[in-house]
Amino acid sequence: MKYEKLIELAIYARDNSTYTPYSHFNVGCAVEMKDGEVYTGGNIEIASYSPTNCAERTAIFKAVSDGKREIKKIAIVGDSDYTFPCGVCRQVIREFSKKPEIIIANSKEDYKIYGMEEILPHSFGPEDLVGDKNGRK
Ligand code: THU
């Protein structure tokens with residue numbers, strides 16, 4: 001899917017899919033998986049705060065629970081100027097990506113694209129645990 005279309009879906013999610021009674025800070029995400037399927041999500045806040053789920057994880061977990069495992073592109077749109085994913089979401093993107101295009105957008109005309117290594121350098125991931133590297137399976 002074109003960057004502009006994915007951003008449009010993320011903007012729609014920011015404006016329609018969030019539950020943010022505490023911060024009133026809205027974030028939307030649209031994630032395109034390897035097979036071309038797209039999932040969207042908004043941030044969901046909880047009164048005791050820590051169970052809050054970011055927009056990125058809402059969208060990614062919808063995809064994963066639908067059997068999808070590899071992110072191709074992910075577009076993120078927040079209420080601030082270039083809203084970047086939090087550290088937890090970076091690790092979640094890392095889990096379900098090989099070479100993702102991470103699109104941080106203000107609008108369809110104003111966006112930047114990052115690679116995984118740029119936003120989470122020297123990361124720990126699934127291949128550090130599985131395989132025969134340390135004799136584990
Ligand atoms: N938030 C996201 O959903 N994604 C981000 O990339 C940054 C932060 C949410 C979490 C919380 O609901 C609100 O923004 C304020 O931190």
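Accessible areas in these notes come from the Shrake-Rupley method with a 1.4 Å probe, and for residues only the protein chains shown count as cover.

**Entry 1: the model and its surface**

I am reading a predicted model, in which local features need pLDDT of at least 70 and side-chain atom pairs count only at pLDDT 80 or more, while totals for chains, interfaces and linings use all residues. Residues are numbered from 1 along each chain as its sequence is written, and side-chain values use heavy atoms, with hydrogens and water left out.

I looked up the surface. The chain exposes about 7500 Å², and carbon and sulfur atoms supply 53% of that area.

I then looked up burial, where buried means under 20% relative accessible area, exposed means over 50%, and partly exposed is in between (1.4 Å probe, protein chains only). Of the 137 residues in the chain, 42% are buried.

**Entry 2: elements and overall form**

I took helices (H or I, at least four residues) and strands (E, at least two) as DSSP runs, numbered from the N terminus. The chain has 4 helices and 5 strands. Read from the N terminus, their order is α-β-β-α-β-α-β-β-α. The radius of gyration is 15 Å, close to the 14 Å that the globule rule gives for 137 residues, so the chain is as compact as a globular protein of that length. The radius is taken over C-alpha atoms, and the rule is 2.2 Å times the number of residues to the power 0.38. I also noted the span of the C-alpha trace along its principal axes, about 50 × 40 × 30 Å.

For contacts I used heavy atoms within 4.5 Å. Among contacts between residues at least 6 apart in sequence, 61% join residues at least 24 apart.

**Entry 3: strand pairing**

Two strands pair if DSSP finds at least two bridges between them. Which strands does S3 pair with? S1 (28-33) and S3 (71-77) run antiparallel and are joined by 6 bridges. I checked how S3 is covered and found 6 of its 7 residues buried.

S4 (residues 97-105) is joined to S5 (residues 111-114) by 4 bridges, and these two strands run antiparallel. They form a hairpin with 5 residues between them. Ile 102 stands opposite Tyr 114 in S5.

Why do I call helix H2 (residues 55-64) largely enclosed by the rest of the structure? The reason is that 8 of its 10 residues are buried. Among them are Ala 55, Glu 56, Arg 57 and Ile 60. The cover over the buried residues of H2 includes strands S1, S2 (38-42) and S3, and helix H3 (87-95).

In H3 the buried residues are Cys 89, Arg 90, Val 92, Ile 93 and Arg 94. They pack against H2, S3, S4 and H4.

**Entry 4: Gly 42**

I found Gly 42 in strand S2. Is it buried or exposed? Gly 42 has 1% relative accessibility and counts as buried. Leaving out residues up to four places away in sequence, Gly 42 touches Ser 17, Thr 18, Val 27, Asn 53, Cys 54, Ala 55 and Thr 58. I also looked up Val 130, which is 88 residues from Gly 42 in sequence and 32 Å away in space, C-alpha to C-alpha.

**Entry 5: the loop between H1 and S1**

Phe 25 lies in the loop between H1 and S1. At 31% relative accessibility, Phe 25 counts as partly exposed. Beyond residues up to four places away in sequence, the residues that Phe 25 touches include Thr 20, Asn 43, Glu 45 and Asp 79.

His 24 lies in the loop between helix H1 (3-16) and S1. It has 56% relative accessibility and counts as exposed.

**Entry 6: two positive phi values**

Most residues other than glycine have a negative phi. His 24 is not a glycine, yet has a positive phi of about 60°. His 122 is not a glycine either, and has a positive phi of about 50°. I placed His 122 in the segment after helix H4 (116-119). His 122 is exposed, with a relative accessible area of 76%.
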